[in-house]
Amino acid sequence: MQDITKPWSAELNGQFDLVHSRNGLAGCGSFPISEAVKNLVGLVKPGGWIQLVEMSFEGVEDTSGPMYEFKSLLDAFFTAAKAQWNFASHLDGWLVEAGLADVEVKI
């Protein structure tokens, strides 16, 4: 098992055609998510792909609906855990900063 806040083994750098992470970046705690993204990008071979699937609550504005309640619950949980969440809108910028081209975001 790999801790998302620790460096990957050097022999893994540039070894993968596809790196996929699903809701893994929320495990960064107070560790900079942009740094975790950079470390994941380092695993990808030139010409390879990285796919990051994270939660996004963009557009959830109905304060009486179940999605808003779920968002509020997550906010309380991650705040108590001193962790970060709801950062999906920053992923494209972090991927570009890590040196990637042709970055695409789908929400």
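Leaving out residues up to four places away in sequence, L52 touches S21, L25, V37, L40, L91 and L95, where a contact means heavy atoms within 4.5 Å. The model is a predicted one, in which local features need pLDDT of at least 70 and side-chain atom pairs count only at pLDDT 80 or more, while totals for chains, interfaces and linings use all residues. Residues are numbered from 1 along each chain as its sequence is written, and side-chain values use heavy atoms, with hydrogens and water left out.

A nonpolar core is here a set of buried Ala, Val, Leu, Ile, Met, Phe, Trp, Tyr and Cys residues joined through side-chain atoms within 4.5 Å, and buried means under 20% relative accessible area, with exposed over 50% and partly exposed in between (1.4 Å probe, protein chains only). In soluble globular proteins, nonpolar side chains tend to be buried together.

## Overall architecture

The protein has three helices and two strands, arranged along the sequence in the pattern β-α-β-α-α; helices (H or I, at least four residues) and strands (E, at least two) are DSSP runs, numbered from the N terminus. Of its 107 residues, 27% count as buried, and the C-alpha atoms fill a box of roughly 50 × 30 × 20 Å, taken along the principal axes. Among contacts with a separation of 6 or more, 68% are accounted for by residues 24 or more positions apart.

In α1 the buried residues are I33, A36, V37, N39, L40 and V41, and they pack against β1, β2 and α3. S21, in strand β1, counts as buried because its relative accessibility is 11%. Beyond its neighbours within four places in sequence, S21 is in contact with L40, Q51, L52, V53 and E54.

L95, in helix α3, is likewise buried, with a relative accessible area of 11%. Leaving aside neighbours within four places in sequence, the contacts of L95 are with V37, V41, I50, L52, L100 and V103. L95 and K45 are 50 residues apart in sequence, and their C-alpha atoms are 15 Å apart in space.

After α2 comes K82, whose phi is positive, near 55°.

F78 lies in this helix and counts as buried because its relative accessibility is 10%. Not counting residues up to four places away in sequence, F78 touches A26, M55, A83, Q84 and W85. F78 and A88 are 10 residues apart in sequence and 15 Å apart in space, C-alpha to C-alpha.

## Pocket and cavity

The largest pocket holds about 790 Å³ of space and is lined by 26 residues, of which I50, Q51, L52, L95 and E104 lie nearest its centre. β2 and α3 are the elements that give two or more residues to this lining, and the largest share, 10 residues, comes from β2. On a 1 Å grid over the protein atoms alone, a pocket is an open set of points with protein on both sides within 12 Å along at least five of seven lines, a cavity is a set of points where a 1.4 Å probe fits but cannot get out, and lining residues have an atom within 4 Å of a point. Grid points are joined across faces, edges and corners, and a volume is the space filled by probe spheres set on the points.

By this rule there is one cavity of 30 Å³ or more. The largest cavity has a volume of about 40 Å³, and its lining consists of A26, E54, M55, W85, N86, F87 and A88.

## The segment before β1

T5 lies in the segment before β1 (16-22), and its side chain makes a polar contact with the side chain of D3 at 2.7 Å. A polar contact is a pair of N or O atoms within 3.5 Å; within protein, one must be able to donate a hydrogen and the other to accept it, and residues adjacent in sequence count only if both atoms are side-chain atoms. T5 also touches G27, C28 and F31, not counting residues up to four places away in sequence.
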